[in-house]
Amino acid sequence: MLDGHGIISVLRLITGASFLTPPRHCYTMPRPALSARDESQQPSRGKAGISMPAVQEGIMKTCTKCSTKQPLDQFCVDASRKDGRHPWCKQCRSRRGKAYYQDNRDSILAQQLIFRRANPEHTRAINRKSIAKNRDKLRAMGREYYRRNKKAVIKRIKRYHKTNPGYWRSWQHRRLRRLRTMGVHTKQDVRNQYQIQHGQCFWCHRLLGDKYHADHYIPVSKGGTNTADNIVIACPSCNLRKFNLMPDEFLARLNDEGQ
Ligand SMILES: [Zn+2]
Ligand SMILES: [Zn+2]
């Protein structure tokens with residue numbers, strides 16, 4: 001029944017999570033990519049600003065933190081150093097960076113929040129990109145979360161509808177209006193289909209009795225019509241779980257669930 005409308009807001013509603021990955025790169029200042037610096041062309045400088053000879057391969061350097069001897073490319077470029085490299089190896093620096101994040105997590109996150117609030121356009125663009133990129137993952141996460149927290153989720157949704165009484169009605173309204181532009185089917189069409197399916201759910205073959213839904217075989221949100229030839233009869237559970245999945249996607253999921 002539900003379709004493409006606001007899948008993200010539904011997910012958000014279901015999990016109560018914002019799904020917004022903190023834009024990590026937001027608070028770091030832009031800097032030239034290390035790979036962009038060609039070391040053989042740009043000799044690093046010593047303390048006095050005197051050009052140093054280009055880094056040659058095979059040169060080893062000892063990390064002053066972990067005291068291991070490693071190839072020079074295992075040390076970050078640091079033009080203020082005599083040999084043009086940071087005295088700590090990359091692993092040591094990375095460990096230090098992670099520890100710094102752990103120790104200052106709250107203030108870093110607060111800084112990111114300030115940045116996001118000050119740059120809403122940028123933030124929205126980043127979020128949109130991330131949501132589009134991780135769509136399937138987010139959906140799977142949402143489903144998994146729902147499976148684990150069914151009771152709490154239903155409670156939250158009920159509470160939401162109580163405090164936003166117009167939401168559901170206007171959503172149905174919009175949906176019906178859109179459906180009407182996609183063709184019509186009559187109650188008789190639905191009864192005929194019921195006969196054709198011998199009163200069984202199209203998807204799980206359960207006997208339906210008088211509790212059944214008219215289900216769009218191809219979801220309307222994915223180009224299916226609202227005409228009789230796109231209507232199958234389904235049990236409420238299948239109809240609701242099918243959501244806006246294509247037939248093969250839904251059958252695969254039923255298969256996974258062993259039904
Ligand atoms: Zn080290
Ligand atoms: Zn069914």
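Me: Hi! Which residues make up the largest nonpolar core here?

Reply: Hi! In this predicted model, the largest nonpolar core has eleven residues in all: C201, F202, W203, Y212, I231, V232, I233, A234, C235, C238 and F250.

Me: Which element gives the largest share of this core?

Reply: That would be strand β6, with four residues.

Me: Okay, so which way do the residues of β6 point?

Reply: I231 and I233 point one way from β6, which covers residues 231-234, while V232 and A234 point the other way. Every one of these is buried, as all four are listed that way. As background, side chains in a regular strand alternate between the two faces of the sheet.

Me: What does β6 pair with?

Reply: With strand β5, residues 213-216. The two run in the antiparallel sense, over four bridges. If you want to find the pairing on screen, H213 stands opposite A234.

Me: Changing topic: how many helices and strands does the chain have?

Reply: Ten helices and six strands. The chain has 259 residues, and buried ones make up 10% of them. Looking at contacts between residues at least 6 apart in sequence, 55% join residues at least 24 apart.

Me: And what's the mean pLDDT of the chain?

Reply: The mean pLDDT is 81, and 78% of the residues reach 70 or more. Over residues 1-54, though, the pLDDT is below 50. That stretch still has 69 contacts in the model beyond near neighbours in sequence. A word of care: where pLDDT is low, the predicted coordinates should not be read in detail.

Me: Tell me about α2 then. How far apart are its end C-alpha atoms?

Reply: They are 20 Å apart. Helix α2 has 14 residues, 90-103, and at 1.5 Å a residue they should span 20 Å, so the two values agree. As for cover, α2 has hardly any: the count of buried residues in it is zero.

Me: What about α6, how many residues does it have?

Reply: Helix α6 has 14 residues, 150-163. From first C-alpha to last it reaches 20 Å, close to the 20 Å expected at 1.5 Å a residue. Its count of buried residues is zero, so this helix is hardly covered.

Me: And why does α7 lie largely in the open?

Reply: Because the number of buried residues is zero among the 17 in α7, residues 165-181. Helix α7 is followed by G183, which has a positive phi, near 100°.

Me: Positive phi, hmm. Which residue has a positive phi of about 65° although it is not a glycine?

Reply: H205 does. You'll find H205 in the loop between α8 and β5. With 13 other C-beta atoms within 10 Å, H205 is partly exposed. F243 also has a positive phi without being a glycine, at about 55°. Its place is the loop between α9 and α10, and F243 is partly exposed too, with 17 other C-beta atoms within 10 Å. For context, most residues other than glycine have a negative phi.

Me: Nice. Where is K61, and what does it touch?

Reply: K61 lies in strand β1, residues 60-62. Not counting residues up to four places away in sequence, K61 touches Q70, L72, F75, D83 and R85. K61 counts as partly exposed, with 18 C-beta neighbours inside 10 Å; the cut-off for buried is 20 or more.

Me: Last one: how far apart are I218 and L245 in space?

Reply: They are 8.0 Å apart, C-alpha to C-alpha, and 27 residues apart in sequence. I218 is found in the loop between β5 and β6. Leaving aside neighbours within four places in sequence, I218 is in contact with G223, G224, N230 and M246.

Terms used: Residues numbered from 1 in each chain as written. Chains lettered and ligands numbered in written order. Predicted model: local features only at pLDDT ≥ 70, side-chain atom pairs only at ≥ 80, totals over all residues. Expected span 1.5 Å × (residues − 1). Buried ≥ 20, exposed ≤ 12 C-beta atoms within 10 Å, placed from the backbone. Contact = placed C-beta atoms within 7 Å. pLDDT = per-residue confidence, 0-100. Pairing = 2+ DSSP bridges. Core = buried A, V, L, I, M, F, W, Y, C linked by C-beta atoms within 7 Å.
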